[in-house]
Amino acid sequence: MFDMRLISILGLLTVIVLISLVLDYMRLLRRPVRLGLYLAALGILAGFVFTLRAVLPGDAFYGPVFSEVKTTQRIVALTFDDGPNPPYTGQILDILKEYHVPATFFVLGQNAEKHPELVRRIVAEGHQIGNHTYSHLDLLKADRPTIADQVDRTSKIIADITGQPPRVVRPPHGFRDAVVIDVMAERGLKVVEWSVASRDWTNPGVDEIVNRTLGRVKNGAVILLHDGDGVAQRASREQTVEATRQIIRQLLAQGYKLVTVDEILATKTED
Ligand SMILES: [Zn+2]
């Protein structure tokens, strides 16, 4: 079961649901109760649960993922996805420099290829780089060789530019199943999700991004923001840039220390 793709599990459940309904319809599974109908309902519920567990950021059902640490230390990690994406990545780097705080950038291989100078700058200024696949593919819909190719190409691009392959990976949308996790584990890549998301990519307004983020932040949190827009690079990230400044200012005022994903991963979870 755990080597199965989510898509295979859902396919199997669909067959079970259909057979159950047919048996119920043919009155073959109705005594003493309408077992066919119950089985069909159970199959639909199971499909829902299996899918939910592949998309919820903190859920370790399909394998280990990291979304936050439980700690009494007042630390948080800022992460930016989908870049590098001018001019926003540079503007965010300027703000991080101004406040002397590190962050982690989960870059797309395709964008890194286009903007190697930004990738170099991220590393030169003390930030961490993570792998976010080559073209922002939904890995639940990709076969194993495609997943491997998306990850390997991106790691190679990053290593060629910076001299160091990434140690962490974030699947697009956070979507993963057992095979996705296995491909990452084979490469020694830690799967990093998040615990605080403001849906900044919908451009809901600077105040919304700031309030949603600060409202959910706590010790050991991993904050998700976006300097890019998938591979499209169409949407403005002006709101995220301004929100980043305010979030950093408020976090520092509240006594938080900002750290990279590697640093927060190295913090032992306290029970
Ligand atoms: Zn993304």
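These legends go through several close-up views of the predicted model, from the whole chain down to single side chains. Since the model is predicted, local features need pLDDT of at least 70 and side-chain atom pairs count only at pLDDT 80 or more, while totals for chains, interfaces and linings use all residues. Residues are numbered from 1 along each chain as its sequence is written, and side-chain values use heavy atoms, with hydrogens and water left out.

**View 1. The whole protein, for orientation.** The protein has ten helices and eight strands; helices (H or I, at least four residues) and strands (E, at least two) are DSSP runs, numbered from the N terminus. Along the principal axes, the C-alpha atoms fill a box of roughly 70 × 40 × 35 Å. Of the 271 residues, 49% count as buried. Here buried means under 20% relative accessible area, exposed means over 50%, and partly exposed is in between (1.4 Å probe, protein chains only).

View 2. Asp 82 (OD), His 132 (NE2) and His 136 (NE2) coordinate the zinc ion at 2.1 Å. Donors are N, O and S atoms within 2.8 Å of the metal (3.2 Å for Na, K and Ca), and water is not among the atoms, so sites may look incomplete. Along the chain, the donors follow the spacing D-x49-H-x3-H. His 132 and His 136 are both buried, and Asp 82 is buried too, at a relative accessible area of 5%.

View 3. As background, most residues other than glycine have a negative phi, and most peptide bonds are trans. Asp 82 has a positive phi, near 80 degrees, and is found in the loop between strand 1 and helix 3. That loop, between strand 1 (75-81) and helix 3 (88-99), also holds Pro 84, and the peptide bond from Gly 83 to Pro 84 is cis, with omega near -5 degrees. Pro 87 is in the loop between strand 1 and helix 3 as well; a cis peptide bond joins Pro 86 to Pro 87, with omega about 0 degrees. Thr 133 is another non-glycine residue with a positive phi, near 75 degrees. Thr 133 lies in the loop between strand 3 (128-131) and helix 6 (144-162) and is buried, with 0% relative accessibility.

**View 4. Strand 7 and its neighbours.** Six of the six residues of strand 7 (residues 221-226) are buried, so strand 7 is largely enclosed by the rest of the structure. Ala 221, Ile 223 and Leu 225 point one way, while Val 222, Leu 224 and His 226 point the other way. Strand 7 pairs with strand 1 in the parallel sense over six bridges, and with strand 6 (residues 196-197), also parallel, over two bridges; pairing takes at least two DSSP bridges between the strands. Ile 223 is the bridge partner of Leu 78 and also of Val 196. Strand 6, helix 8 (residues 206-216) and strand 7 make a right-handed β-α-β unit: with the strands pointing away from the viewer, the path from the first strand over the helix to the second runs clockwise.

**View 5. A few salt bridges.** The whole structure has 21 salt bridges, each one a side-chain nitrogen of Lys or Arg within 4 Å of a carboxyl oxygen of Asp or Glu. Arg 34 and Asp 24 meet in one of them (2.6 Å, N to O). This pair links Arg 34, in the loop between helix 1 (6-25) and helix 2, to Asp 24 in helix 1, ten residues apart. Arg 34 is partly exposed at 35% relative accessibility, whereas Asp 24 is buried at 3%. Elsewhere, Glu 186 bridges to Arg 187, with the closest N and O atoms 3.0 Å apart. Glu 186 is exposed, at 53% relative accessibility, and Arg 187 is partly exposed, at 29%. Both belong to a salt-bridge network that links Arg 144, Asp 152, Asp 182, Glu 186 and Arg 187.

**View 6. A nonpolar patch on the surface.** Val 33, Leu 35, Tyr 38, Leu 39, Leu 42, Leu 45, Phe 48, Val 49, Leu 52 and Leu 56 form the patch, with about 910 Å² of accessible area together. Patches are made of residues with over 30% relative accessible area and no salt bridge, with like charges joined within 9 Å and nonpolar side chains (Val, Leu, Ile, Met, Phe, Trp, Tyr) within 5 Å. Accessible areas come from the Shrake-Rupley method with a 1.4 Å probe; for residues, only the protein chains shown count as cover. Leu 39 is found in helix 2 (residues 35-55) and is partly exposed, with a relative accessible area of 33%.
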